[in-house]
Amino acid sequence: MTTRVAIAGASGRMGRLARSIVNELDGFAIHAELGSQTPLSDMLGADVVIDVTTPAVSPAVVSFAVENGINVLVGTSGWSADRLAQLRTQLVTQPNVGIVVIPNFSIGSVLGTALSTIAGQFFDSIEIIEAHHAGKIDSPSGTAVRTAELIAAARGDRGPVEAPFADQIARGEQVASIPIHSLRMAGVLAKQEVILGGTGEVLTITHDTISPEAYSTGMRAALKAVTTATGLTVGLDQVLGLDFSKVRATPDAEARS
Ligand SMILES: NC(=O)C1=CN([C@@H]2O[C@H](COP(=O)(O)OP(=O)(O)OC[C@H]3O[C@@H](n4cnc5c(N)ncnc54)[C@H](OP(=O)(O)O)[C@@H]3O)[C@@H](O)[C@H]2O)C=CC1
Ligand SMILES: O=C(O)C1=N[C@H](C(=O)O)C[C@H](O)C1
């Protein structure tokens, strides 16, 4: 059986990557390609929609697909914890629909986030610097927002990080108490540094995306996963079975820090 795929945002950078992956994968075929001038109804008849549009448009694309019983692989940024909560509520009315939201398809990025959630349990001074190409319209990046949210969740009772003078605009945007600083510049594709300051030491966890090919393996895995998914899945870690939400510092380790 062939899985029919509609791509929303097909003419964009990620849309072109999605098209090449669908074309090369056995058992998948393009059903429709949607752009800003295409009615959402063009996705009808697809088994799966890949949404790689813009943060402003993505909720409408996903909502239309859910209403029509179509599974969606979401690569678009902007799916904060609040947006995901609304989506979870909508999915209650469509229990057979599966949505897979992947803030970053790169394996190295998701591992960088995983390592940051472990390290974030040992340090109270944590900030994120993310840099992207000058054409990126949203900031902070979806990856940085997700990283901050996961670090904060993993810290549990350790509570918010220390972010002195956080009311000053140059101190970045705080997400779950963690300041995020966004650079948009020529010469960069995507980069993230999670910087953790401790007593007499600084740990930096850096990930660099050198080429869009970095997203291929993760997109392939997520596309296969979304065909049979139900409910909401968030993160490539979940698709790959890497459940770092369970990695917690032991009480002894916390006492040593
Ligand atoms: N999860 C991940 O690993 C990654 C996620 N991203 C995210 O993916 C998203 C897309 O990035 P990128 O491909 O670089 O962006 P581009 O600007 O290259 O492409 C955006 C696409 O969205 C389309 N679009 C705009 N409005 C609509 C609409 N109403 N309906 C359908 N399509 C629409 C545009 O079509 P048109 O040309 O007709 O205007 C365009 O094809 C961003 O949010 C980005 O942050 C990016 C890289 C990796
Ligand atoms: O727009 C991009 O390029 C990217 N967007 C995603 C994000 O906002 O995190 C993923 C990756 O960083 C590239």
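Reply: This is a predicted model. Start with ligand 1.

The shell around ligand 1 holds 24 residues. The closest are Gly9, Gly12, Met14, Gly35 and Ser36. By class, the shell around ligand 1 has 10 nonpolar residues, 13 polar residues and one charged residue. Which helix gives the most to this shell? Helix H1, residues 13-24, does, with three residues.

So much for the shell itself.

H1 packs on helix H6, which spans residues 216-228. Their axes lie 10 Å apart, at an angle of about 60 degrees. That angle makes H1 oblique to H6, because it falls in neither the parallel range, under 35 degrees, nor the perpendicular one, 65 to 115. The crossing of H1 past H6 is right-handed. On the H1 side, the contact is made by Leu17, Ala18 and Ile21. H6 brings Ser216, Met219, Arg220 and Leu223. Sorted by class, this contact has five nonpolar residues, one polar and one charged.

Next comes the pairing of H2 and H3.

Helix H2 covers residues 58-67, and helix H3 covers residues 81-91. They pack at about 15 degrees, with axes 11 Å apart. H2 is therefore roughly parallel to H3. H2 also passes H3 in a right-handed crossing. Which residues of H2 and H3 meet? From H2 come Pro59, Val62, Ser63 and Val66. From H3 come Arg83, Leu87, Gln90 and Leu91. The H2 and H3 contact counts five nonpolar residues, two polar and one charged.

Now turn to ligand 2.

The residues around ligand 2 are Ser77, Pro103, Asn104, His132, Lys136, Ser141, Gly142, Thr143 and Ala190. Six of the residues in this shell are polar, two are nonpolar and one is charged.

Helix H4 runs over residues 107-119, and helix H5 over residues 142-155. Their axes are 8 Å apart, and the packing angle is about 30 degrees. The angle is under 35 degrees, so H4 counts as roughly parallel to H5. The crossing of H4 past H5 is right-handed.

His207 sits in strand S10, residues 201-209. Is His207 buried or exposed? His207 has 24 C-beta neighbours inside 10 Å, so it counts as buried. The cut-off for buried is 20 or more. Setting aside neighbours within four places in sequence, His207 is in contact with Gly108, Ser109, Gly112, Lys191 and Gln192. His207 and Ile7 are 200 residues apart in sequence. In space, C-alpha to C-alpha, they are 28 Å apart.

Finally, some backbone details in the loops.

Pro140 lies in the loop between strand S6, 125-132, and H5. A cis peptide bond joins Ser139 and Pro140, with omega about -5 degrees.

Past H5, look at Phe165. Phe165 is in the loop between H5 and strand S7, 173-175. Its phi is near 55 degrees, a positive value in a residue other than glycine. Phe165 has 8 other C-beta atoms within 10 Å, so it is exposed.

Ala176 comes in the loop between S7 and strand S8, 178-184. Phi of Ala176 is near 50 degrees, again positive in a residue other than glycine. With 17 other C-beta atoms within 10 Å, Ala176 is partly exposed.

Terms used: Residues are numbered from 1 along each chain as its sequence is written. Chains are lettered from A and ligands numbered from 1 in the order in which they are written. This is a predicted model: local features need pLDDT of at least 70, side-chain atom pairs count only at pLDDT 80 or more; totals for chains, interfaces and linings use all residues. Axes are lines fitted to C-alpha atoms, for helices over the stretch in contact, and angles run from 0 to 180 degrees between N-to-C directions. Helices (H or I, at least four residues) and strands (E, at least two) are DSSP runs, numbered from the N terminus. Angles under 35 degrees count as roughly parallel, over 145 as roughly antiparallel, 65 to 115 as roughly perpendicular and the rest as oblique. A crossing is left-handed if the near helix is turned anticlockwise from the far one by less than a right angle, and right-handed if clockwise. Two residues are in contact if their C-beta atoms, placed from the backbone, lie within 7 Å. Ala, Val, Leu, Ile, Met, Phe, Trp, Tyr, Cys and Pro count as nonpolar, Asp, Glu, Lys and Arg as charged, and the others, Gly among them, as polar. A residue is near a molecule or strand if its C-beta atom, placed from the backbone, lies within 6 Å of it. A residue is buried if 20 or more other C-beta atoms lie within 10 Å of its own, exposed if 12 or fewer, and partly exposed in between; C-beta atoms are placed from the backbone.
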